[in-house]
Amino acid sequence: HRGAFDRSVVENGEEDIDAAVSPDNEGVPCNGRNRCNGKAGDCAYCGTGQCCGYSDYNAGVDGCELGPLRGGRKCGAWRGELGLKNEGKACWGFCNRKAGDC
């Protein structure tokens with residue numbers, strides 16, 4: 001799982017997994033009108049998580065920084081710090097044939 005959950009840290013510095021807060025309906029499709037109303041990002045149906053799909057991740061939608069890396073919108077812990085995208089994939093054509101940040 002790629003999502004980052006809130007975790008409590010015990011005195012010795014180890015994570016207390018039982019205290020982890022996971023999103024509601026994790027892994028469940030969430031794009032419907034009765035769920036997240038066709039909107040990506042924070043959504044009450046997903047609780048502490050977000051409703052995101054690959055296209056939202058790829059487009060840089062707020063709250064979808066961690067994925068999912070394929071497929072349609074589903075609830076998950078997708079909010080986080082955006083890092084390297086498309087690692088190891090060809091990018092020359094997608095970056096206007098220029099090296100550097102893209």
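Student: A disulfide here is a pair of cysteine sulfur atoms within 2.5 Å. How many disulfides does the structure hold?

Tutor: Five disulfides. Before going on: this is a predicted model, where local features need pLDDT of at least 70, side-chain atom pairs count only at pLDDT 80 or more, and totals for chains, interfaces and linings use all residues. Residues are numbered from 1 along each chain as its sequence is written, and side-chain values use heavy atoms, with hydrogens and water left out.

Student: Which pattern do the disulfides follow?

Tutor: Counting bonded cysteines along the protein chain, the pattern is 1-5, 2-3, 4-8, 6-7, 9-10.

Student: Let me take one. How far apart are the sulfur atoms of cysteine 46 and cysteine 75?

Tutor: The S to S distance in that disulfide is 2.1 Å. The torsion about the S-S bond is -70°, and the link is left-handed. The pair links distant parts of the chain, 29 residues apart: cysteine 46 sits in the loop between strand 3 (41-42) and strand 4 (50-52), and cysteine 75 in strand 5 (residues 74-76).

Student: Why does cysteine 75 count as buried?

Tutor: Buried means under 20% relative accessible area, exposed over 50%, and partly exposed in between (1.4 Å probe, protein chains only). Cysteine 75 has 1% relative accessibility, so it counts as buried. Cysteine 46 is buried too, because its relative accessible area is 0%.

Student: And cysteine 36 with cysteine 43, how far apart are their sulfur atoms?

Tutor: They are 1.9 Å apart, and the two cysteines form a disulfide. The torsion about their S-S bond is about -90°, so this disulfide is left-handed. Both cysteine 36 and cysteine 43 are buried.

Student: Which cysteine forms a disulfide with cysteine 95?

Tutor: Cysteine 102, with the sulfur atoms 1.9 Å apart. That link is left-handed as well, with -90° about the S-S bond.

Student: Is cysteine 102 buried or exposed?

Tutor: Exposed, because its relative accessibility is 67%. Cysteine 91 is in no disulfide, and the nearest cysteine sulfur, that of cysteine 95, is 4.5 Å away. Cysteine 91 has a relative accessible area of 44%, so it is partly exposed.

Student: Changing topic. How many helices and strands are in the protein chain?

Tutor: One helix and five strands. Helices (H or I, at least four residues) and strands (E, at least two) are DSSP runs, numbered from the N terminus. From that end the elements of the chain run β-β-β-β-α-β.

Student: Which strands form a sheet?

Tutor: Three strands form an open sheet, in the order 3-4-5, with antiparallel pairing. Strand 3 and strand 5 are the edge strands, each pairing on one side only. Two strands pair if DSSP finds at least two bridges between them.

Student: How many bridges join strand 4 to strand 5?

Tutor: Three, and the two strands run antiparallel.

Student: What about helix 1, where are tyrosine 54 and tyrosine 57?

Tutor: Both lie in helix 1 (residues 54-59), three residues apart, about one turn of the helix. A search of the whole structure finds one aromatic pair. Tyrosine 54 and tyrosine 57 form it: the pair is tilted, 6.1 Å centre to centre, with 45° between the planes.

Student: What counts as tilted?

Tutor: Rings of Phe, Tyr and Trp (its six-membered ring) pair if their centres lie within 6.5 Å; planes under 30 degrees apart count as stacked, over 60 as edge-to-face and the rest as tilted.

Student: Is tyrosine 57 buried or exposed?

Tutor: Buried, with a relative accessible area of 6%. Tyrosine 54, at 26% relative accessibility, counts as partly exposed.

Student: What does the side chain of aspartate 56 make a polar contact with?

Tutor: With the side chain of arginine 73, at 2.7 Å. A polar contact is a pair of N or O atoms within 3.5 Å; within protein, one must be able to donate a hydrogen and the other to accept it, and residues adjacent in sequence count only if both atoms are side-chain atoms. Aspartate 56 lies in helix 1 and is buried, with a relative accessible area of 5%.

Student: Which residues is aspartate 56 in contact with?

Tutor: Contact means heavy atoms within 4.5 Å. Leaving aside neighbours within four places in sequence, aspartate 56 is in contact with Ala40, Cys51, Val61, Cys64 and Arg73.
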